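Thank you for making the time this morning; I would like to walk through the side-chain contacts of one chain, and I will give the cut-offs as each term comes up.

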Amino acid sequence: MATSLTRHGERDALHAFIERGMSDDAGELANLNYWAYWLGLDNLPRSDDAFMAGRAEWDAKALLRSLVGRMSPELGCIDLNVHSVWSLLAARPGALAADHELSCDLKRQVTRLLDGGVVSTRSRRELDAVHYGLKLNAP
């Protein structure tokens, strides 16, 4: 519902969802599991949303690549996408290992969003953390 409202200009519901719905490890995991399912990285058929609560097996690098492609300032749900990238990197820090192209793509998107001024204060903090992590791990 929050993402639907965002498409109609109502961003407060999305910000509340990020703040309260993903306020712990279980919420963060459910979000990442849902993204992996939604993007076709979880190949198992799902008859309900109970899978979101468990540890699903999906390729973190493939999920990160898909999420980086969704870090566009034109998207209404950009704050959710930023949060999901930040959360994925916190949960699976090796997702960028040995993929210089993905690291460069992520750095380019993070810089673009930080310079663009279209994201929330929370997203700016998360982007700053991702940017700092990219600097620490630069070759």
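Let me begin with the disulfides, where a disulfide is a pair of cysteine sulfur atoms within 2.5 Å, and by this rule the count comes to zero. As for the cysteines, Cys77 is buried at 13% relative accessibility, whereas Cys104 is partly exposed at 31%, with buried meaning under 20% relative accessible area, exposed over 50% and partly exposed in between, for a 1.4 Å probe and protein chains only.

Please keep in mind that this is a predicted model, in which local features need pLDDT of at least 70 and side-chain atom pairs count only at pLDDT 80 or more, while totals for chains, interfaces and linings use all residues. Residues are numbered from 1 along each chain as its sequence is written, and side-chain values use heavy atoms, with hydrogens and water left out.

Turning to charges, the structure holds five salt bridges, a salt bridge being a side-chain nitrogen of Lys or Arg within 4 Å of a carboxyl oxygen of Asp or Glu. One of them joins Asp99 to Arg65, with the closest N and O atoms 2.9 Å apart. That pair links distant parts of the chain, since Asp99 lies in the loop between α5 (78-91) and α6 (100-116) and Arg65 in helix α4 (residues 60-68), 34 residues apart; helices here are DSSP runs of H or I, at least four residues, numbered from the N terminus. Asp99 is buried at 14% relative accessible area, while Arg65 is partly exposed at 43%.

Within helix α7 (residues 121-136), Glu126 and Arg122 are four residues apart, about one turn of the helix, and their side chains meet in a salt bridge of 3.1 Å, N to O. Glu126 is buried at 6%, Arg122 is partly exposed at 24%, and together with Glu19 these residues are linked in a network of salt bridges.

Finally, which residues form the aromatic pair? Tyr34 and Trp38 do, and the pair is stacked, at 6.1 Å centre to centre and 20° between the planes, where rings of Phe, Tyr and Trp (its six-membered ring) pair if their centres lie within 6.5 Å, and planes under 30 degrees apart count as stacked, over 60 as edge-to-face and the rest as tilted. The two are four residues apart in helix α3 (residues 25-38), and so are separated by about one helical turn. Tyr34 is partly exposed at 36% relative accessibility, and Trp38 is exposed at 55%.
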